[in-house]
Amino acid sequence: MTRSLIIAALLACALTSTKDFTGTYEFVPAASDNVDAAIKEATSSMSFIVKPVARSRLKKVNQPRPRLFVRQSADTISIAYDEKFPQVGPLDGNTVKWKNEEGEQFDLSIQHTEETLTQHFVAPDGERLNEFSQSASGDTLYLGVTIKSPRLKQPLHYRLVYHRKN
């Protein structure tokens, strides 16, 4: 009887545990979407006057970074690209203020489910959703990005792939 309870408890823990994204990751361009092509598609219906400005701005803030650092604790997570300007927030979905390297301020919320880690950035001119997931082995990190703005007729979508280095 005691052995059955121990096995049931261990199984319950395994079923309710969430993935740990902690690690250092390197960008894998060959496995990732072409961000420039995704930007061109998302801006294709814009007027010829606005299109170059929109594409330039989107390219500036959506260039894949060579490294990604994730540090997870029991109730917070820190995500940084090239160890600069970490995006730190509670895992419970509560919103915090975050500023990027250019001083722009965003409302940032982070949620961690059993399989995914989601960051949601909101600014006056739009929002960005980063959805992180892992391969079954945990050695590959997938980052799905969706950007919405009243200025975009359709959202910008792309996926980046990172390989765990440690």
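Guide: Two strands pair if DSSP finds at least two bridges between them. The model above is predicted, and this criterion can be applied to its strands E8 and E9.

Visitor: What makes E8 and E9 a pair of strands?

Guide: Strand E8 covers residues 126-134 and strand E9 covers residues 140-148; eight bridges link them in the antiparallel sense.

Visitor: Which sheet holds the strands, and in what order do they lie?

Guide: Ten strands form an open sheet with antiparallel pairing, in the order E4-E3-E2-E1-E10-E9-E8-E7-E6-E5.

Visitor: Why are E4 and E5 called edge strands?

Guide: Strand E4 (84-90) and strand E5 (96-99) each pair on one side only. Neighbouring strands of the sheet are turned against each other by 25° on average, with direction ignored.

Visitor: How do you know that E2 and E3 pair?

Guide: E2 and E3 share five bridges in the antiparallel sense. At least two are required, so these strands pair. Arg71 stands opposite Ser78 in E3, and the two strands form a hairpin with three residues between them.

Visitor: What joins E3 to E4?

Guide: Five bridges join these antiparallel strands, and Thr76 stands opposite Pro90 in E4. E3 and E4 also form a hairpin, with two residues between them; Asp82, in the turn, has a positive phi of about 55°.

Visitor: Is Thr24 buried or exposed?

Guide: Thr24, which is found in strand E1 (residues 23-27), has a relative accessibility of 10%. Buried means under 20%, so Thr24 counts as buried. Leaving aside neighbours within four places in sequence, the residues in contact with Thr24 include Leu68, Phe69 and His163.

Visitor: What makes the link between Thr24 and Arg71 a polar contact?

Guide: The side chains of Thr24 and Arg71 are joined at 3.4 Å. The limit is 3.5 Å, so this distance falls within it.

Visitor: Why is Ser73 called partly exposed?

Guide: Ser73 has a relative accessibility of 35%. Buried would need under 20% and exposed over 50%, so Ser73 counts as partly exposed. Ser73 is found in the loop between strand E2 (67-72) and strand E3 (76-81), and a polar contact of 2.8 Å joins its side chain to that of Thr76.

Visitor: How do you know that the buried residues of H2 line one face of the helix?

Guide: In helix H2 (residues 35-42), the buried residues are Val35, Ala38, Ile39 and Ala42. Seen down the axis of H2, they fall within an arc of 100°, so they line one face. Their cover includes helix H3 (51-61) and strand E10 (156-164).

Visitor: What caps the N-terminal end of H2?

Guide: Asn34 does, with a side-chain oxygen 3.0 Å from the backbone nitrogen of Asp36.

Visitor: Which residues have the most contacts inside the largest nonpolar core?

Guide: They are Leu68, Ile79, Leu117, Phe132, Leu156 and Tyr162, in a core of 32 residues. Among the elements giving two or more residues to this core are H2, H3, E2 and E3. Apart from neighbours within four places in sequence, Ile79 is in contact with residues including Leu68, Leu117 and Phe132.

Visitor: What makes E3 mostly covered?

Guide: Five of the six residues of E3 are buried.

Notes: Residues numbered from 1 in each chain as written. Predicted model: local features only at pLDDT ≥ 70, side-chain atom pairs only at ≥ 80, totals over all residues. Heavy atoms only, no water. Helix = DSSP H or I, 4+ residues; strand = E, 2+ residues; numbered from the N terminus. Axes fitted to C-alpha atoms, helices over the stretch in contact; angles between N-to-C directions. Buried < 20%, exposed > 50% of the residue type's maximum accessible area, 1.4 Å probe, protein only. Polar contact = N/O pair within 3.5 Å; in protein donor to acceptor, adjacent residues only side chain to side chain. Contact = heavy atoms within 4.5 Å. Arc of directions from axis to C-beta. Core = buried A, V, L, I, M, F, W, Y, C linked by side-chain atoms within 4.5 Å.
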